[in-house]
Amino acid sequence: MVISIEHDVFGVIKSAEESREIIRFKLTNNVIVVHLITYGASIISLKIPGKDGALEDIVLGFDDLSSYITHTHYFGSTIGRCANRIAGARFHLNKKVFNLAPNNGKNHLHGGMKGFDKVVWDWKIDGNRVSFNYTSPSMEENYPGDLNCKVTYELTEKNELIIDYEATTNQATPINLTNHSYFNLAGHGSGTVEDHVISINADSYTPVDDSLIPTGEIADVESTEFDLRQPKLLGPLLQKINGFDHNFCVNGSSNQEREVARVCHPPSGRVMEVFSTQPGVQFYTGNCLPEDDSLIGKQGRIYKKYGALCLETQNYPNAINQPNFPNCVLDTNELYRQTTRLLFTTS
């Protein structure tokens, strides 16, 4: 099986100072087809076969660049510097207070007003990999230190999509990188994910307050709706708790790859297994997608509430303000390195 990579121009961003082409990449192994763009180092299409062999695009997204620039749902994007929420949009580090943009109520979300999802990344093709590079200057979105980031996507002969993250800094800074793809294994815009079956390898999770900030407690999932250690049909769970937007504490040692989650869509037979070195995973079921027909995605399809799920492998939310959560501060003599692997099969 041969991995091929092609690229073309997806669109152009024009400003008073310059025009920048946004490059689109097509990765295929003759079974799976993945499209990426340099805007947000994003996954914009991911086509996998079902048990009947039919290819379906299983990620939400848009056909045009302008929609990626204006939308607010982070479809397929790389998220940084800090994925998820930071309480009160502020943190203390080395005896200094850093005030961030409160772009989610009073809290800071997904890197601020212009996070890594809204920047143009440099790129390089290396064999069957596409690497994206971005240097976030010190005090961008009020985070300290120049942060040099590299995100690499690799499609393998085993029908895996591997995402590697690397970063270095010249000043201590919090970091928490992830990918924010929305998955519907029946196909994007095909309805809700209530007919999906999910399991998450986590004995505990982090309860949240009314603004979705973790309380600091690490709670046992036993006898709760958050016990997904055995496969569960999503429909009844969504009705009970009005959707998930919670961090699960993945079992096993951080910085070692282990199973995070498994999602199956029985009607099509499509299965996605998630493996990662990250300590946690944010399980989100598209609760903030609109309930009406106002959000139009690729091919004119409508994206609605519960129309997809996200499995954002990452550190625990608000870790910078919770000393009992895993460390999220990258120092000057360290290399940030995390890996997430998506394996696609049929059942």
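Residues are numbered from 1 along each chain as its sequence is written. Since this is a predicted model, local features need pLDDT of at least 70 and side-chain atom pairs count only at pLDDT 80 or more, while totals for chains, interfaces and linings use all residues.

**Cavities**

- The structure holds five cavities of 30 Å³ or more. A cavity here is a set of points on a 1 Å grid over the protein atoms alone where a 1.4 Å probe fits but cannot get out, and lining residues have an atom within 4 Å of a point. Points are joined across faces, edges and corners, and a volume is the space filled by probe spheres set on them.
- The largest cavity comes in at about 110 Å³. It has 13 lining residues, and N179, F183, L311, T340 and L342 sit closest to its centre.
- At least two lining residues each come from β14 (160-169), β16 (178-179), β23 (270-276), β25 (310-314) and β27 (336-346). Strands (E, at least two residues) and helices (H or I, at least four) are DSSP runs, numbered from the N terminus.
- That lining has eight nonpolar, five polar and no charged residues. Ala, Val, Leu, Ile, Met, Phe, Trp, Tyr, Cys and Pro count as nonpolar, Asp, Glu, Lys and Arg as charged, and the others, Gly among them, as polar.
- The second largest cavity is about 60 Å³. Its lining includes C82, R85, N176, Y316 and C328, and splits into eight nonpolar, three polar and one charged.

**Strand β14**

- On one side, β14 pairs (at least two DSSP bridges) with β13 (residues 147-155), antiparallel and over nine bridges. K150 stands opposite E166 of β14 here.
- The β13–β14 hairpin has four residues between its strands, and N159 takes a positive phi near 60°.
- β14 also runs antiparallel to β27, joined by eight bridges. E166 turns up again, this time opposite R337 in β27.

**Helix α2**

- In α2 (residues 234-241), L234, G235, L237 and L238 are buried. These residues fall within an arc of 165° (taken from the directions from the helix axis to the C-beta atoms), so they line one face of the helix.
- Q239 and K240, on the other side of α2, are exposed (over 50%).
- The buried residues of α2 pack (heavy atoms within 4.5 Å) against β17 (197-200), β20 (232-233) and β24 (280-284).
- N242 follows α2, with a positive phi near 55°.

Key: Heavy atoms only, no water. 1 Å grid on protein atoms, 1.4 Å probe; cavity = no way out; pocket = protein on both sides within 12 Å on 5 of 7 lines; lining within 4 Å. Buried < 20%, exposed > 50% of the residue type's maximum accessible area, 1.4 Å probe, protein only.
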